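Look over the sequence and the model first.

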Amino acid sequence: MSDLTELYQEVILDHTKKPRNFGNLEKATHVAEGHNPLCGDQVIVFLEMVDGWVKDIRFEGKGCAISTASASMMTELLKGKSPEAIYSTFELFHDLVTGKPATRVDELGKLVAFAGVAAFPVRIKCATLAWHTVKAALKKQHRPVTTE
């Protein structure tokens with residue numbers, strides 16, 4: 001196993017064991033739920049939007065290591081972003097985890113740790129669940145998002 005692969009695994013495990021921005025957000029202006037029926041992952045994403053920007057973002061739920069770590073790293077990256085930047089970042093992340101040629105990968109920060117997910121197609125839904133849910137929150141979608 002390469003040193004880089006080990007580092008990526010450590011980053012994912014760290015965010016799984018100690019998720020950042022985990023918990024309810026009392027001042028949330030946008031909320032959405034997401035569910036992956038294939039493996040049972042569930043997530044709720046809370047956004048506090050102020051003047052068109054993410055002032056705060058948190059998540060709750062239960063899921064596998066990939067799902068939890070992805071949600072944790074996503075919340076760190078999206079604070080201070082506009083909806084347009086979030087949609088753009090989602091596309092970069094989606095390209096990364098589906099094995100498409102990724103451009104501007106440096107914009108993903110620690111999320112590059114998920115590049116290996118492309119080798120396990122069933123795990124793509126785990127990695128992207130929180131991302132689909134944050135998009136639903138931005139649209140104020142009231143029905144739960146599903147990866148199916």
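## Terms and basis

Buried means under 20% relative accessible area, exposed means over 50%, and partly exposed lies in between (1.4 Å probe, protein chains only). By that scale, K18 is exposed, with a relative accessible area of 53%.

The model is predicted: local features need pLDDT of at least 70, side-chain atom pairs count only at pLDDT 80 or more, and totals for chains, interfaces and linings use all residues. Residues are numbered from 1 along each chain as its sequence is written, and side-chain values use heavy atoms, leaving out hydrogens and water.

## Salt bridges

The whole structure holds 8 salt bridges. Each pairs a side-chain nitrogen of Lys or Arg with a carboxyl oxygen of Asp or Glu within 4 Å. K18 bonds this way with D14, the closest N and O atoms being 3.1 Å apart. D14 is partly exposed, at 25% relative accessibility.

K110 and E76 form another salt bridge, at 3.4 Å from N to O. This pair links distant parts of the chain, 34 residues apart. K110 sits in the loop between α3 (83-97) and α4 (121-138), and E76 in helix α2 (residues 65-78). Helices are DSSP runs (H or I, at least four residues), strands likewise (E, at least two), numbered from the N terminus. D14, K18, R20, E76 and K110 are linked in a network of salt bridges.

## Around I44

I44 lies in strand β2 (residues 41-50). Its relative accessible area is 25%, so I44 is partly exposed. Leaving out residues up to four places away in sequence, I44 touches V31, A32, E33, R58, F59 and E60. Contact means heavy atoms within 4.5 Å.
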